[in-house]
Amino acid sequence: MADQYAQSGEDGRPTGIPAIRWEEPPEGPVVVLLDQTRLPTEEVELVCTDAPALVEAIRSLAVRGAPLLGIAGAYGVALAAARGFDVPEAAAALAGARPTAVNLSVGVRRAQAAHQGVLARGGGAGQAAVAALAAARQLHREDAEASARMAGHGLALLDELLPGGGHRVLTHCNTGSLVSGGEGTAFAVALAAHRQGRLRRLWVDETRPLLQGARLTAYEAARSGMAYTLLTDNAAGSLFAAGEVDAVLIGADRIAADGSVANKVGSYPLAVLARYHHVPFIVVAPVTTVDLGTEDGASIEVEQRPGFEVTEVTAPQVQMTGAGGGIAVAPLGTQAYNPAFDVTPPELVTAIVTEEGAVSPVTGEGLAELCARSRRVTIS
């Protein structure tokens with residue numbers, strides 16, 4: 001079950017609500033989400049009292065972004081355990097809510113493993129629930145720390161590739177604090193450059209059909225005081241041709257063992273443009289996004305979204321007439337091709353930046369070594 005309530009300041013400015021948090025009111029524990037489908041016009045929170053509500057929030061994109069999905073999945077397992085629901089059933093539903101984002105299943109597995117570990121040692125259900133919550137909170141902390149480290153590594157790489165500062169960076173979709181326990185992935189790099197006076201302009205792709213760039217990245221850039229400009233996705237080529245892009249920074253939802261990168265649809269065309277115009281194309285993602293069990297880009301399952309997201313648009317305070325609750329912009333019965341992601345091959349990626357450093361050139365061997373190094377750091 002989920003309840004919504006508005007949380008906006010009287011002057012309309014953002015109130016800084018966290019993207020996700022765990023709360024324990026008298027009626028029982030809940031996972032509280034900032035509903036990203038309502039941004040930027042209002043800040044509304046979604047209160048999830050069980051795993052099915054959280055699954056629906058994930059599918060509807062109320063909560064989204066690879067690292068944050070991992071955190072949400074872990075909290076969802078903890079929520080099921082704390083409220084006495086079937087944990088394996090909840091874990092399976094959560095892990096399958098969005099198939100492309102590998103962080104979601106990683107977060108679910110971590111919390112479920114902690115829960116099962118206590119039960120296997122003879123502990124009670126209450127102890128197992130506490131362990132699942134501790135694992136979720138630990139993942140949340142780790143992601144915040146990873147975000148800060150990625151920002152540092154990414155900015156160092158930008159300065160190495162583009163000496164002198166004054167960076168003009170193009171980004172796609174949303175990769176800020178709305179997708180992370182910290183300040184994000186690719187956006188966090190641009191934010192670090194801004195804070196050090198080295199960001200000249202952040203170019204923000206609108207990111208059709210759901211406009212995460214227009215609604216969310218522009219929202220975060222505005223509240224951070226960054227110099228940013230919004231553009232339609234199909235204007236990116238014109239921007240490259242005009243020599244206005246120094247680097248492309250994007251996030252990732254899954255990185256295959258060979259370095260292929262699945263990210264929000266529209267990323268692959270940017271990589272092709274960047275290669276033609278000799279512009280660095282940089283992917284910023286935590287190590288948890290690297291999936292060594294997925295051999296290559298062709299092995300990545302790409303989520304297909306409903307067609308009405310393409311054939312309709314939604315707008316607040318406007319009467320909706322379409323099958324999906326929006327305003328129809330295509331003839332009735334029009335079929336739509338609507339993959340949520342596309343896959344960029346490693347040869348088009350200049351570097352993959354993680355909290356453990358950058359891999360460049362992008363190779364399977366380099367990614368494997370980085371993941372091994374990450375495990376050593378985690379164990380030590």
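Which residues of H7 are buried? The points below take up this matter and then turn to the packing of other helices.

1. The structure under review is a predicted model. The buried residues of helix H7 are Gln212, Gly213, Arg215, Leu216, Thr217, Ala218, Tyr219, Glu220 and Ala221. They amount to 9 of the 12 residues of H7, and the helix is accordingly described as mostly covered.

2. Helix H7 runs over residues 212–223, and the distance from its first C-alpha to its last is 16 Å. This is close to the 16 Å expected at 1.5 Å a residue. After H7 comes Gly225, which has a positive phi, near 70 degrees.

3. Several elements provide the cover over the buried residues of H7. Among them are the strands E5 (167–171), E6 (199–205), E7 (228–231) and E10 (261–264), together with helix H6 (186–195).

4. When neighbours within four places in sequence are set aside, Gly213 is in contact with Cys173, Val204, Asp205, Glu206, Thr207, Ala218 and Leu230. Gly213 also lies 9.1 Å from Thr175, C-alpha to C-alpha, although 38 residues separate the two in sequence.

5. The next points concern helix H2. Helix H2 (residues 66–82) packs with helix H5 (residues 125–161) at an angle of about 165 degrees, and their axes are 8 Å apart. Because an angle over 145 degrees counts as roughly antiparallel, H2 and H5 are described in that way. Their crossing is left-handed.

6. On the H2 side, the contact with H5 is made by Pro67, Gly70, Ile71, Ala74, Tyr75, Ala78, Ala81 and Ala82. On the H5 side, it is made by Ala129, Ala132, Leu133, Ala136, Arg137, Leu139, His140 and Asp143. By residue class, this contact has 12 nonpolar, 2 polar and 2 charged members.

7. Helix H2 also packs with helix H3 (residues 87–95), at an angle of about 155 degrees and with axes 9 Å apart. H2 and H3 are therefore roughly antiparallel, and their crossing is right-handed. Here Gly73, Gly76, Val77, Ala80 and Ala81 of H2 meet Val87, Ala90, Ala91 and Leu94 of H3. The residues of this contact comprise 7 nonpolar, 2 polar and no charged.

8. A further partner of H2 is helix H1 (residues 51–59): the two axes come within 9 Å and cross at roughly 165 degrees. H1 is therefore roughly antiparallel to H2, and the crossing is left-handed. Ala51, Leu54 and Ile58 of H1 make the contact with Leu69, Ala72, Gly76 and Leu79 of H2. Of the residues involved, 6 are nonpolar, 1 is polar and none is charged.

9. An α-helix has 3.6 residues a turn, so residues three or four places apart point the same way.

10. Finally, is Thr311 buried or exposed? Thr311 has a relative accessible area of 13%, so this residue is buried. Thr311 is placed in helix H10, which covers residues 308–311. Apart from neighbours within four places in sequence, Thr311 is in contact with Ile327, Ala328, Val329, Ala330, Thr334 and Ala336.

Notes
Residues are numbered from 1 along each chain as its sequence is written. This is a predicted model: local features need pLDDT of at least 70, side-chain atom pairs count only at pLDDT 80 or more; totals for chains, interfaces and linings use all residues. Side-chain values use heavy atoms; hydrogens and water are left out. Axes are lines fitted to C-alpha atoms, for helices over the stretch in contact, and angles run from 0 to 180 degrees between N-to-C directions. Helices (H or I, at least four residues) and strands (E, at least two) are DSSP runs, numbered from the N terminus. Angles under 35 degrees count as roughly parallel, over 145 as roughly antiparallel, 65 to 115 as roughly perpendicular and the rest as oblique. A crossing is left-handed if the near helix is turned anticlockwise from the far one by less than a right angle, and right-handed if clockwise. Contact means heavy atoms within 4.5 Å. Ala, Val, Leu, Ile, Met, Phe, Trp, Tyr, Cys and Pro count as nonpolar, Asp, Glu, Lys and Arg as charged, and the others, Gly among them, as polar. The expected span of a helix is 1.5 Å times one less than its number of residues. Buried means under 20% relative accessible area, exposed over 50%, partly exposed in between (1.4 Å probe, protein chains only).
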